There are 4 protein chains.
Amino acid sequence: MNTLLHQYQAVRKHSEHLCRNLKTEDYVVQPVVDVSPPKWHLGHTTWFFETFILQTVKGYREFDPMYNFVFNSYYESVGVRVVRTDRGNLSRPSVEDIYNYRKYVDNAMHSLLQAQLSADLTGLIVLGLNHEQQHQELLATDIKYILGNNPLQPAFEVEKTSQVHDPEKSWVTMESGLYEIGYAGDGFCFDNELGRHTVYLPAYRIATMPVTNREYLVFMQEGGYKQHQFWHAEGWDWVKNNKVSAPMYWHAIDGEWWCYQPSGLQLLQPHDPVCHISFYEAAAYAAWKGMRLPTEFEWEAAAPKFPWGKRWEWTNSAYLPYPGFVRAAGAVGEYNGKFMVNQMVLRGASEVTPEGHSRITYRNFFHAPLRWQYTGIRLAEHY
Amino acid sequence: MNTLLHQYQAVRKHSEHLCRNLKTEDYVVQPVVDVSPPKWHLGHTTWFFETFILQTVKGYREFDPMYNFVFNSYYESVGVRVVRTDRGNLSRPSVEDIYNYRKYVDNAMHSLLQAQLSADLTGLIVLGLNHEQQHQELLATDIKYILGNNPLQPAFEVEKTSQVHDPEKSWVTMESGLYEIGYAGDGFCFDNELGRHTVYLPAYRIATMPVTNREYLVFMQEGGYKQHQFWHAEGWDWVKNNKVSAPMYWHAIDGEWWCYQPSGLQLLQPHDPVCHISFYEAAAYAAWKGMRLPTEFEWEAAAPKFPWGKRWEWTNSAYLPYPGFVRAAGAVGEYNGKFMVNQMVLRGASEVTPEGHSRITYRNFFHAPLRWQYTGIRLAEHY
Amino acid sequence: MNTLLHQYQAVRKHSEHLCRNLKTEDYVVQPVVDVSPPKWHLGHTTWFFETFILQTVKGYREFDPMYNFVFNSYYESVGVRVVRTDRGNLSRPSVEDIYNYRKYVDNAMHSLLQAQLSADLTGLIVLGLNHEQQHQELLATDIKYILGNNPLQPAFEVEKTSQVHDPEKSWVTMESGLYEIGYAGDGFCFDNELGRHTVYLPAYRIATMPVTNREYLVFMQEGGYKQHQFWHAEGWDWVKNNKVSAPMYWHAIDGEWWCYQPSGLQLLQPHDPVCHISFYEAAAYAAWKGMRLPTEFEWEAAAPKFPWGKRWEWTNSAYLPYPGFVRAAGAVGEYNGKFMVNQMVLRGASEVTPEGHSRITYRNFFHAPLRWQYTGIRLAEHY
Amino acid sequence: MNTLLHQYQAVRKHSEHLCRNLKTEDYVVQPVVDVSPPKWHLGHTTWFFETFILQTVKGYREFDPMYNFVFNSYYESVGVRVVRTDRGNLSRPSVEDIYNYRKYVDNAMHSLLQAQLSADLTGLIVLGLNHEQQHQELLATDIKYILGNNPLQPAFEVEKTSQVHDPEKSWVTMESGLYEIGYAGDGFCFDNELGRHTVYLPAYRIATMPVTNREYLVFMQEGGYKQHQFWHAEGWDWVKNNKVSAPMYWHAIDGEWWCYQPSGLQLLQPHDPVCHISFYEAAAYAAWKGMRLPTEFEWEAAAPKFPWGKRWEWTNSAYLPYPGFVRAAGAVGEYNGKFMVNQMVLRGASEVTPEGHSRITYRNFFHAPLRWQYTGIRLAEHY
């Protein structure tokens, strides 16, 4: 079997695997605007292959002409779409319909993948697979949100073992000088990683390990959420308006901290890296320590020297284009560039990032207040 | 079999019958705040029997202690509840769980109903059945809303035949004088119908038939939605803010009016009574005709002289207590009295009102802008 | 001098008298949407005479063509207007400009009033004077709001003496039977008072005196604001969302209740009638006493038998048309009818109602949560 | 006379000069949240000297203890403050009161400035003067907003002559390499300019002149506001939600473009640099030209080679700390650091920036949608 077909099958199967413990009802709801219903993710990733690849193939017959309307996410070039907040109001197409849609598109893709493909088409298919992998991470975080905000707190995965000790701490010291940033290989990467370029970095130190729950609790106990001087002005408003006093999914029950996990409500594991925090909280924690978050360039330059991949690590870099960045033409060009304002870059990967979908040059980005991703903190300082 | 048990079984069965054509997903969503997910109706009506009746029975064991939290609607006396806008975010309890809950409660109720019951308990059970019948009408209207606002416009019932001619029009003339208003019999009624009392009515005429789609179209064609002088000030704001130009569920497609029905999208039936309009629209139509809506007292006094029951008819009466009205003590007393401000009274019944759940003294009430009920117009005038 | 001219001069002068202690800055601000800047009231009442009276007079030259845009309040028939929330953003026309506008219009009106006038024109002028008197009451309440919500709590009137004892309490008992409601004389009244008609009232008792601060404090001390069973559902939401725990303008300072008055912050006067409460609070107080508010018909029928005029008294009647009510044609017809939904009727008058502007048939109306008027409570009960 | 005293007097006088043509009413209003009432600026800049300087001087007696509450802008360390949206609701303190406050503080400052001052105190006074100069620019833009959004469009300055030709266009070419960024002298600068540091810049070209109205009109005429592909996603939403189709203050009247200026409504001057545009518009214009905005580093490196100072020029840099930036301790430390998220950097200065208040290293920052500053566009491109 050829590699791309194999990859296609593996990626597509994994999305369905992530949903294996869901009840039909869990596929439908959208409790907040940033979370999408799992059935929408399953349909939207399929729509991507149908719209950008199969529709260009002679003789392909669309599964259902209404689906473009339902499953388009934010591609303005591809017609009117269901407004984002309405996704959770749609009981149809049913979960069964969407699994049928997936089968239908997979069959067509299988045929296509057995033919000789142009480089362009291959590129689009690889993009589609990476797109689906991104949605797999969202599936993981959205399912957690949907069930973790249900009063019954149901489990959907078996429990993972946690770290039993705080990881050994130390610092990587980096000399000032020129570093090369951006993707250099010949594999797949997103357009926002391209334009490898030189940056000058002053000397700095960066922690080998992310901040743990135990460490974060000290910040909480010493009044970190109550002292404005550690916070950005808009972070402080966010704390007060939302009465935030702990990371997302933490619950104080009878004097102990519990934490909603895929395996249900569990006692907080002190040695795990802190998770589900906003950029504001990450920056306030660093300020309270008298340190700061690294920039995305500092992170990328030093990353070969420390382990990473359990948490998306907030950097103090805004999401902006690399020098020479140009949006691709057409709908695919809407992928990244149009979001390059008012978001912060996260680097690394998380425990729910699909295997094979992380790179040292990968630029993830979210709005500063968002917490439902597996986000964490790595400290840095001027040296 | 005793009558109350028989009634209990018939009512409970009918709720499930109304859902017989739903897919699991359709039970879950809440597209707007006034519409509840069908599974919530099924659970909430069951919770009513469990909380107000079975919990008072020795030895009864609650099905699930979390359910009070999930299924309480607006009874402040009975503890914290899921805020109304969150109902559509709850994928659990599942539809299957809720059908099991219904069975569990029904079994307990069957046992109870075979025993000798106090008058108080009997009264509460009858109230519970009437409560469930009210929710049956909401089930009908909420299912219509959920599927009628889905871009796929799915059908959920077989088509009903429509009227083929405009009904014969005439007027009932009523003399000025004293009339008795309110419930007088010894059957069931809601507390808001009690306190039968005298009102003096000036002479008036009232139409024998509600306004039809054909008649309403004339209002539309003559610019009814564009002339402020027919509208209440807040109705006019409502028209402009929501860009309203036709009743709910009407769609102009290629120069013809179509209407979403339980049987799917259908050509507008000109001779059917106009449906799914707000109080503002009803009042504006009447003003445009140089007439007015009847008061609820005029309606009740004249109702024996005309056919009614296809549409809930907006009256020009605000929902207020009858003289001598007193709220019942305890949670059951929250049923009606606390809503007696800023709502308008509707009289009659609709084509989706459950059989046996309409009375000439029945006082239905909704906020002026709401349209998802089967609402219509009957004209009146000073004579 | 003729009577109407005399009246005109007296009314116009009184508006300016109400503003005599204002600084220029106080004329400008609009702290909440229901309150208008004093300079707007001065301009708008003048615009009324200019638009509806002078513009119909041959040879009259408009003061400034932009003023229609600035000073139209809610008359849809008379062109685009500054949206209500924007009134407080307009620094021009200046206060001086507006006083000049008043002089200009007054001069034109003086000339006109010395001529022979048609009955129609006389009617409109009388309407304009009553309109200005309504705005005089709003001037009084809006000035109080503007300065009473300023952190400096400035005074703008000399202190009035308060009652030194609770007024003597008793009840007026009214027999069941037919009563005539609505205006009957040949003086001025608003269109909403017309259509004198018969109502049948069951027997009732109504208090001779409004509820005092001392009495209201007992309600507060016994937890009236914390017990949902006394409140309408939307009133209870209002209490919680706005954290209401006392009437407007009350401040608890070092264990004592103070109250903002036109003379500045003063110790609460226990024997004064309670003031600045919403309909929700009035109804909750009555429910807590085991009584109720009177209907507007009960109020009008009994009013000759008790003193009134210090507080606008919330009734339990919604603001609806009397039988046979018809809106006048044209802009003047927008005066009352279009507000006849979702407001409650207040009867009586208040200590800031202009002399000569109160009648036993007068129907005032406001939305249930509003408190900046001099509103109070009179109890009633079924008898 | 010593220099600092001289400077103090000049700066303080200039603030009042900017208001010389205002009517009292113009000092009071706050038409949108970002604009402050002129009297608030006059009071707040005075409060800065009173709070951070005079309050540390033995024997100084506060002018009014309520003023801290009224005039604190965003200094959390210095107590509760009037929430920002409420500034326009405060008619008191009056304009006269505030001018008296200025005199009182100026007198105390004059005495102080004749004494021998510590370096710390001198530093704070210089900061206070720079702070007041920043507010002078806001005074200019806020006065323009207040009067430019008044339907009467009043003038408040004499007309300035405009450019009669488009400025000569050319490009500055910059080699790739290392550049030093940040303040290096020993005069005053803000803390956010400090930490002079090296950056590596790839080769680029930057325009010698900002984009003119004439050039911007071509963008508009060719549908720039109607083509999503030129816009950031949130910029496109902003265009649609606010129906934006031209820069702020532009009005199309009878087929010609007019523009509100301090001298009133004027015909659009084609050769002036385009003004009052958001970051979104600046970025969209650049994208439509196939170019981009410069980064703030590119701007600073090239600025010695082109004229600047008529418009604040949007850069494509987010407002973030320089390496090694540390917030100062105490309230003064709230000056800049806490705003370093979700804002964009503007470089240069504008025609209303006070003389002596611009530097090549000056970092101005605003939120992307804001337009009431004198903002413009300078193009750049990868070379």
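Author: The following account treats the chain contacts in turn and then passes to selected residues and elements.

This is a predicted model, in which local features need pLDDT of at least 70 and side-chain atom pairs count only at pLDDT 80 or more, while totals for chains, interfaces and linings use all residues. Residues are numbered from 1 along each chain as its sequence is written, chains are lettered from A and ligands numbered from 1 in the order in which they are written, and side-chain values use heavy atoms, with hydrogens and water left out.

The contact between chain A and chain D may be taken to begin with. Contact means heavy atoms within 4.5 Å. On that basis, 38 residues of chain A meet 38 residues of chain D. The two chains bury about 2700 Å² between them, and 58% of this lies on carbon and sulfur atoms; buried area is the accessible area (1.4 Å probe) that two parts lose on being put together, summed over both. On the side of chain A, the residues A:Tyr200, A:Val341 and A:Asn342 supply 20% of the area buried against chain D, more than any other three residues.

As to specific interactions, the count of salt bridges between chain A and chain D is 0, a salt bridge being a side-chain nitrogen of Lys or Arg within 4 Å of a carboxyl oxygen of Asp or Glu. Polar contacts join 6 residue pairs across these chains, with both residues at pLDDT 80 or more. A polar contact is a pair of N or O atoms within 3.5 Å; within protein, one must be able to donate a hydrogen and the other to accept it, and residues adjacent in sequence count only if both atoms are side-chain atoms.

The elements of chain A that give two or more residues to the side touching chain D are strand 3 (197-201), helix 7 (233-241), helix 8 (279-288) and strand 8 (312-318). Helix 7 of chain A gives the most, with 4 residues. Helices (H or I, at least four residues) and strands (E, at least two) are DSSP runs, numbered from the N terminus. By class, this side of chain A has 19 nonpolar, 13 polar and 6 charged residues; Ala, Val, Leu, Ile, Met, Phe, Trp, Tyr, Cys and Pro count as nonpolar, Asp, Glu, Lys and Arg as charged, and the others, Gly among them, as polar.

Chain A also meets chain B, in a contact that takes 28 residues from each of chain B and chain A. About 2400 Å² is buried between chain B and chain A, 60% of it on carbon and sulfur atoms. In chain B, the residues that lose the most area to chain A are B:Glu25, B:Arg92 and B:Leu152, together 29% of what that side buries. Here the count of salt bridges is 2. A salt bridge joins A:Asp26 and B:Arg92, with the closest N and O atoms 2.6 Å apart. Polar contacts link 8 residue pairs between chain B and chain A, both residues being at pLDDT 80 or more. Helix 3 (67-71), helix 4 (95-114) and helix 5 (119-148) of chain B are the elements that give two or more residues to its side of this contact, and helix 4 gives the most, with 3 residues. That side of chain B has 14 nonpolar, 8 polar and 6 charged residues.

Two other chain pairs do not touch. The closest C-alpha atoms of chain A and chain C lie 14 Å apart, and no contact joins these chains. For chain B and chain D, which do not touch either, the nearest C-alpha atoms are 14 Å apart.

Within helix 4 of chain B lies B:Asp106. This residue is buried, with a relative accessible area of 12%, where buried means under 20% relative accessible area, exposed over 50%, and partly exposed in between (1.4 Å probe, protein chains only). Leaving aside residues up to four places away in sequence, B:Asp106 touches B:Tyr8 and B:Arg12. The side chains of B:Asp106 and B:Tyr8 are joined by a polar contact of 2.6 Å.

In chain C, helix 3 (residues 67-71) holds C:Asn68, which counts as partly exposed at 21% relative accessibility. Its side chain makes a polar contact of 2.7 Å with the side chain of C:Trp47.

Finally, helix 7 (residues 233-241) of chain D has as its buried residues D:Ala233, D:Gly235, D:Trp236, D:Trp238 and D:Val239. Helix 8 (279-288) of chain D is included in what covers them. Just after helix 7 of chain D, D:Lys243 takes a positive phi of about 50 degrees.
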